[in-house]
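Reader: I'd like to learn how to read a few features of a structure with you. Could we take them one at a time?

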Amino acid sequence: MKDLQLLVRDNIWRLTPYSSARSEFSDGNAKVFLDANESPYNSPYNRYPDPLQKKVKSVLAKIKDVPEENLFLGNGSDEAIDMVYRVFCRPGVDNVVAIDPTYGMYQVCADINDVAYRPVSLDENFQIKAEQLLAATDENTKVIWICSPNNPSGNNINRDEVTRVIQAFEGIVVVDEAYSDFSTQKTFRSELLDHPNLIVLNTMSKAWGCASIRLGIAMASKEIIDIFNKVKYPYNVNLLTQRKALEMLENPYKVFDWVKMIVQSREIMMESFKELPICVKVYPTDANFFLAKMTDAQAIYDYLVKNGFIVRNRTRVHLCKDCLRITVGTRSENQALMAVLRKYKL
């Protein structure tokens, strides 16, 4: 890895962050706050929230087995994704490399930040060789994006190949593990401290059933996390989100049960899809969804919409022609979907 100062944008490295009294006096001794022009009424919502979400991080660190100092919390994973561009990529100069197809926000954020985006095609099994990704880089490549389990394909990217990329690339490698709770593959956050150029993303939107509270997680070296905290908006995670996150984190075993039920339902759904005459192929998955190649994805998608069922039509995505992405729902939702699909007329 290059020296971190050479990877971070010069203006970000020199940035003096916004100073918050909530950060300056976080030891618990301060009792009367008359510094932030808040209303004295309507407690506790009249006060700005903890800018570093210390209570949430203390609980999350134990569950993820990652030190608190290696955690960044944001307004969904999308904030962390955008943060990577804002910290490391010079607009109009630098570029990033990503597997293709993958989660669309990597490219959207690249476009917003005026950073060239270089997609590298996966093979027919939605896998890639490290050499292909590395071959797409040059001296201005700052970041390589890898989503595993991947979206929309659902499969884990070969772990050995990802490790080769992390070890060989001199810039930042982001491994997005948003769906890792549904997979049996060893996570990369477990090796976080072995790779100073690694950033691992996670979220409470998927397995934790908290998409509406918008809490994303980035895990990286303390040095990278410190820079993220310097750049982020002062109060980026609101009080309601922090409170709900703490409530959910108190009972992780409930979430483990949800994951188990979703994985069981996923296998039943995939087998049921394979029996449909309108289904050509169901791809292997390690997520809470699966990708299915259909005889006519657009027509089937339109039929489902007409009957009140919303799935994701991925037919215009690279390597996904005539494919639908199906999220695993409740048992009754899954059964209702299958009943409607069995009535589809070829």
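Reader: How many bridges join strand β2 to β4, and do they run parallel or antiparallel?

Author: Happy to start there. Strands of a sheet pair through backbone hydrogen bonds, either parallel or antiparallel. This is a predicted model, where local features need pLDDT of at least 70, side-chain atom pairs count only at pLDDT 80 or more, and totals for chains, interfaces and linings use all residues. Residues are numbered from 1 along each chain as its sequence is written, and side-chain values use heavy atoms, with hydrogens and water left out. Helices (H or I, at least four residues) and strands (E, at least two) are DSSP runs, numbered from the N terminus, and two strands pair if DSSP finds at least two bridges between them. Here, β2 (residues 95–100) and β4 run parallel, joined by four bridges. Ala 98 has Trp 145 of β4 as its bridge partner.

Reader: Which strand is joined to β4 by five bridges?

Author: That is β5 (residues 172–176), which runs parallel to β4. Within this pair, Val 143 stands opposite Ile 172 of β5.

Reader: What is the strand order in the open sheet of four strands?

Author: The order is β8-β9-β11-β10, with antiparallel pairing. β8 (279–282) and β10 (312–313) are the edge strands, each pairing on one side only. Between β9 (residues 289–294) and β11 (residues 323–327) there are five bridges in the antiparallel sense, and Phe 290 has Ile 326 of β11 as its bridge partner.

Reader: Which helix packs on that sheet?

Author: Helix α11 (residues 252–274) does, touching β8, β9 and β11. Contact means heavy atoms within 4.5 Å. The direction of α11 makes about 5° with that of β9; axes are lines fitted to C-alpha atoms, for helices over the stretch in contact, and angles run from 0 to 180 degrees between N-to-C directions.

Reader: How do the axes of α12 and α13 cross?

Author: The axes of α12 (residues 297–306) and α13 (residues 331–342) come within 11 Å and cross at roughly 120°. The two helices are therefore oblique to each other; angles under 35 degrees count as roughly parallel, over 145 as roughly antiparallel, 65 to 115 as roughly perpendicular and the rest as oblique. From α12, Ile 300, Tyr 303 and Leu 304 make the contact, and from α13, Leu 337, Val 340 and Leu 341.

Reader: Where are cis peptide bonds found?

Author: As background, most residues other than glycine have a negative phi, and most peptide bonds are trans. A cis bond joins Asp 100 and Pro 101, with omega about 10°, and Pro 101 is in the loop between β2 and α6 (105–112). The bond from Ser 148 to Pro 149 is also cis, with omega near -5°; Pro 149 lies in the loop between β4 and α8 (159–168).

Reader: What is the phi of Asp 114, and what is that of Asp 322?

Author: Asp 114 has a positive phi near 60°, and Asp 322 one of about 60°. Asp 114, in the loop between α6 and β3 (116–121), counts as partly exposed at 47% relative accessibility. Asp 322, in the loop between β10 and β11, is buried, with a relative accessible area of 16%.

Key
Buried < 20%, exposed > 50% of the residue type's maximum accessible area, 1.4 Å probe, protein only.
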